Amino acid sequence: MNANLKAVDAARLSEKLAEATPAEIVAEALRTVGMDRLAVASSFGIESATLLKIVADVEPSIPVLFLDTGWLFPETITYRDTMIARLGLSDVRTITPSVGALAEKDPSRNLWSADPDACCYLRKVEPLSEALSGFDAWINGRKRYQGGQRTSIAAVEIEGSRLNFKSVGCMPCTRRVNPGDSARAGRWADSEKTECGIHNRMPLTDGAGI
């Protein structure tokens, strides 16, 4: 990808892809960025199969980054393995938090309760930031219909030096969604927290943002 890609280029791409199908967006990402510089981030959650199927149909060897926080439901791991086999994904990379950072900052494994923002940063934002540092663009599974900050997601966004082409979470922070609730109502229930931070503009080295 052209290292000098600017926000105006992202806006132009987003306008071009406004009426495109998801498969066309993935294909355009490949053409624009190239196989070696494009990644897909997937939680392998209950709705992930749709995006992963689209990606697999376009090119099953696009790298897929799976973030294992150490707090995932066993069923999530099983679902991941099932999807990999069923869709023929050939480059799924499991990303985990730093063992040293966990020992230093969450030795009792209760950070999720004491400071959920710090827990998400430690177990999600930092490891994914490092994993994405070798890519110029990533495709993720945010959905406009989930509401909140996600209702106005563009097809293509610029994040620092990286392009961002457009739910079950960790066990302690996920509850069953009640009838009539929004799709993400079960995430960090009874708190004001709505996002883990992965998709927020958190400052990172070299100007790259996630």
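**Figure 1. The whole chain.** Of the chain's 210 residues, 44% count as buried, where buried means under 20% relative accessible area, exposed over 50% and partly exposed in between, with a 1.4 Å probe and protein chains only. The model is predicted: local features need pLDDT of at least 70, side-chain atom pairs count only at pLDDT 80 or more, and totals for chains, interfaces and linings use all residues. Residues are numbered from 1 along each chain as its sequence is written, and side-chain values use heavy atoms, with hydrogens and water left out. The chain holds seven helices and six strands. Helices (H or I, at least four residues) and strands (E, at least two) are DSSP runs, numbered from the N terminus. Read from the N terminus, the order of the elements is α-α-β-α-β-α-β-α-α-α-β-β-β.

**Figure 2. Helix H2 against helix H3.** Two packed helices are described by the angle between their axes and the distance between the axes. Helix H2 covers residues 22–33 and helix H3 residues 48–58; their axes come within 9 Å and cross at roughly 55°. Axes are lines fitted to C-alpha atoms, for helices over the stretch in contact, and angles run from 0 to 180 degrees between N-to-C directions. H2 and H3 are therefore oblique to each other; angles under 35 degrees count as roughly parallel, over 145 as roughly antiparallel, 65 to 115 as roughly perpendicular and the rest as oblique. The crossing of H2 and H3 is right-handed, a term for a near helix turned clockwise from the far one by less than a right angle, with anticlockwise giving left-handed. On the H2 side, Pro 22, Ala 23, Val 26, Ala 27 and Leu 30 meet Ile 54, Val 55 and Val 58 of H3. By class, the contact between H2 and H3 has eight nonpolar, no polar and no charged residues. Ala, Val, Leu, Ile, Met, Phe, Trp, Tyr, Cys and Pro count as nonpolar, Asp, Glu, Lys and Arg as charged, and the others, Gly among them, as polar.

**Figure 3. Helix H3 against helix H4.** Helix H4 spans residues 74–87 and packs with H3 at an angle of about 30°, the axes being 10 Å apart. H3 and H4 are therefore roughly parallel to each other. Their crossing is right-handed. H3 contributes Ala 49, Leu 52, Lys 53 and Ala 56 to the contact, and H4 contributes Tyr 79, Met 83 and Leu 87. By class, the contact of H3 with H4 has six nonpolar residues, no polar ones and one charged residue.

**Figure 4. The surroundings of Tyr 79.** Tyr 79 is part of helix H4. Its relative accessibility of 26% makes Tyr 79 partly exposed. Phe 44 lies 35 residues away from Tyr 79 in sequence, with 6.9 Å from C-alpha to C-alpha. Leaving aside neighbours within four places in sequence, Tyr 79 is in contact (heavy atoms within 4.5 Å) with Phe 44, Gly 45, Ile 46 and Ala 49.

**Figure 5. Thr 94 in strand E3.** Strand E3 runs over residues 92–95 and includes Thr 94. Thr 94 is partly exposed, at 40% relative accessibility. Neighbours within four places in sequence aside, Thr 94 is in contact with Phe 66, Asp 68 and Arg 80.

**Figure 6. Arg 109 between two helices.** Arg 109 sits in the loop between helix H5 (99–105) and helix H6 (111–114). Most residues other than glycine have a negative phi. Phi of Arg 109 is positive, near 55°. Arg 109 is partly exposed, with a relative accessible area of 38%.

**Figure 7. Ser 14 in helix H1.** Ser 14 belongs to helix H1, residues 7–16. With a relative accessible area of 13%, Ser 14 is buried. Apart from neighbours within four places in sequence, Ser 14 is in contact with Ala 154, Ala 155 and Val 156.
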